Amino acid sequence: MTTPDPYAVRDDEEQQTVDNCRLLLRAAAAADVPAVEALHTRCSPRSLYRRYHAPVHGVPRMLRKHFLAGHSNYFIVTTPAGQTIAMGEFAPASRGYQPQLALMVEDVWQRRGIGTWLTRRILRTAARSELRTVYADVLGENVPALQHFRGFGGVVESWEQGTAQLAIPVPEQDGPPQHPDGPTAEPAAAT
């Protein structure tokens with residue numbers, strides 16, 4: 001009898017090694033709500049504020065509701081132990097809203113290319129939806145996030161009450177989005 005490869009991933013999953021830790025990026029499911037809640041408890045108030053643009057304690061109710069109902073496209077990055085360390089969201093255009101992307105990376109994992117990895121995945125998802133542009137709302141004081149999205153070609157389209165709305169071009173589907181920083185994910189191995 002053969003033992004399954006613990007690092008084998010499905011076609012819709014990606015893996016990469018960061019600081020000698022093999023990470024997995026995959027689509028999130030309703031069963032991931034407890035892990036996403038735990039991620040929120042480990043993030044600093046500053047990281048939560050930068051993500052939600054308001055003081056929050058724990059997972060916002062609307063996020064939990066969307067997760068459980070399967071709305072939008074959520075992606076998570078997990079460690080081999082199954083701990084969720086980052087989350088990305090792609091909200092397709094709906095009811096007068098432009099397509100949006102948002103990221104949150106646990107404080108101790110920031111500035112290691114994980115946000116870049118999530119952004120690439122979200123832009124590929126947007127490309128499959130035949131979008132040309134997605135948007136990100138970033139607090140003006142969040143210089144790292146502004147620089148991050150500018151690295152993907154994002155330009156500030158408007159400022160409102162200290163928040164920049166960046167328009168990020170969606171590259172053609174056959175080429176990966178370029179960014180000056182961050183690792184490139186390893187191709188998935190089918191199980």
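Leaving aside neighbours within four places in sequence, tyrosine 74 is in contact (heavy atoms within 4.5 Å) with Arg26, Ala27, Ala28, Leu63, His66, Phe67, Gly88 and Glu89. Keep in mind that this is a predicted model, in which local features need pLDDT of at least 70 and side-chain atom pairs count only at pLDDT 80 or more, while totals for chains, interfaces and linings use all residues. Residues are numbered from 1 along each chain as its sequence is written, and side-chain values use heavy atoms, leaving out hydrogens and water.

Tyrosine 74 belongs to strand β3; strands (E, at least two residues) and helices (H or I, at least four) are DSSP runs numbered from the N terminus. With a relative accessible area of 6%, tyrosine 74 is buried; buried means under 20%, exposed over 50% and partly exposed in between, using a 1.4 Å probe and protein chains only. Its side chain makes a polar contact with the side chain of glutamate 89 at 3.3 Å (a pair of N or O atoms within 3.5 Å, where one must be able to donate a hydrogen and the other to accept it; residues adjacent in sequence count only if both atoms are side-chain atoms). The C-alpha atoms of tyrosine 74 and alanine 29 are separated by 8.0 Å, although these residues are 45 apart along the chain.

Now turn to helix α1, residues 33-42, where Val33, Val36, Leu39 and His40 are buried. They sit on the same side of α1 because they cover an arc of only 115° around the axis, taken from the directions from the helix axis to the C-beta atoms. Pro34 and Thr41, on the other side of α1, are exposed. The cover over the buried residues of α1 includes α2 (45-52), α3 (61-69), β3 (73-78), β4 (84-91) and β5 (100-105).
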